[in-house]
Structures are given as structure tokens and as C-alpha cells.
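Visitor: I am new to reading protein models. Can you walk me through one?

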Amino acid sequence: MMDRPRSVGLPWYEEDSYAALRARLADGDKLPPLYETWRVATEQMEREVQRSGVSVVRVPIAPDAFAAWCARAGLSPDAAARARYAAEALAGDPPA
């Protein structure tokens with residue numbers, strides 16, 4: 001049985017950049033059109049993870065910085081890349 005992580009990085013979007021980020025993501029059409037809808041759903045998921053005993057750390061995803069990081073890493077700007085970006089930031093290896 002695998003140990004549960006003590007903490008996880010949660011890709012977090014700011015309201016003022018949500019529309020721009022959503023437009024630039026390979027899977028942006030899978031995110032809710034409205035920031036408030038995304039925020040409410042994400043905060044609910046965040047609480048569920050915390051209730052399981054795992055600490056959640058919000059990792060800001062800025063459109064320009066994330067796009068540049070994806071380009072350098074050769075990754076498509078999708079959910080997998082956002083999860084990797086957050087995990088690297090949480091591991092103390094902040095995405096450059």
C-alpha cells in the first residue's frame with residue numbers, strides 16, 4: 001500500500017487572469033467558462049482533500065509564466081502540465 005502524500009500542490013488561478021489562461025490552455029474548454037464556477041468547485045475539492053488529512057498548497061498559475069515554462073519543458077499546456085508545475089513548485093523546485 002502506498003503512503004498518502006502529506007501535501008499536494010493545487011494549480012490556482014486568479015480571477016483577473018482566468019479568461020486569458022483558459023484561452024491559452026490546450027484543454028481550456030474543459031474548464032468552466034466562469035471563474036466563480038471554477039473557484040467554488042475547486043474549493044470544494046480542496047476541502048475534501050484536506051479532510052483526508054492531506055495539506056493543500058495553492059500554486060498560482062500565471063498565463064505568461066506557465067506558457068513559458070511549458071515551452072521550455074516541451075509540454076502541452078494541459079491538466080497534466082499544470083499538475084506537474086504545481087508539484088515541482090511544492091517540491092521546492094519552483095518552475096523557472
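This is a predicted model: local features need pLDDT of at least 70, side-chain atom pairs count only at pLDDT 80 or more; totals for chains, interfaces and linings use all residues.

Visitor: At what angle do helix H3 and helix H4 pack?

Guide: Two packed helices are described by the angle between their axes and the distance between the axes. Here H3 (residues 63-73) and H4 (residues 79-90) pack at about 100°, with axes 11 Å apart. That makes H3 roughly perpendicular to H4 (65 to 115 degrees). On the H3 side, Ala65, Phe66, Trp69 and Cys70 make the contact (heavy atoms within 4.5 Å).

Visitor: Which residues of H3 are buried?

Guide: Buried means under 20% relative accessible area, exposed over 50%, partly exposed in between (1.4 Å probe, protein chains only). In H3, Pro63, Phe66, Trp69 and Cys70 are buried. They cover an arc of only 135° around the axis, so they sit on the same side of H3. The face turned away carries the exposed Asp64, Ala71 and Arg72.

Visitor: How many salt bridges does the structure hold?

Guide: A salt bridge is a side-chain nitrogen of Lys or Arg within 4 Å of a carboxyl oxygen of Asp or Glu. The structure holds 7. One of them joins Glu46 and Arg58 at 2.8 Å, N to O. This pair links helix H2 to strand E2, 12 residues apart. Glu46 counts as buried, at 8% relative accessibility, while Arg58 is partly exposed at 38%.

Terms used:
Residues are numbered from 1 along each chain as its sequence is written. Side-chain values use heavy atoms; hydrogens and water are left out. Axes are lines fitted to C-alpha atoms, for helices over the stretch in contact, and angles run from 0 to 180 degrees between N-to-C directions. Helices (H or I, at least four residues) and strands (E, at least two) are DSSP runs, numbered from the N terminus. Angles under 35 degrees count as roughly parallel, over 145 as roughly antiparallel, 65 to 115 as roughly perpendicular and the rest as oblique. The arc is that of the directions from the helix axis to the C-beta atoms.
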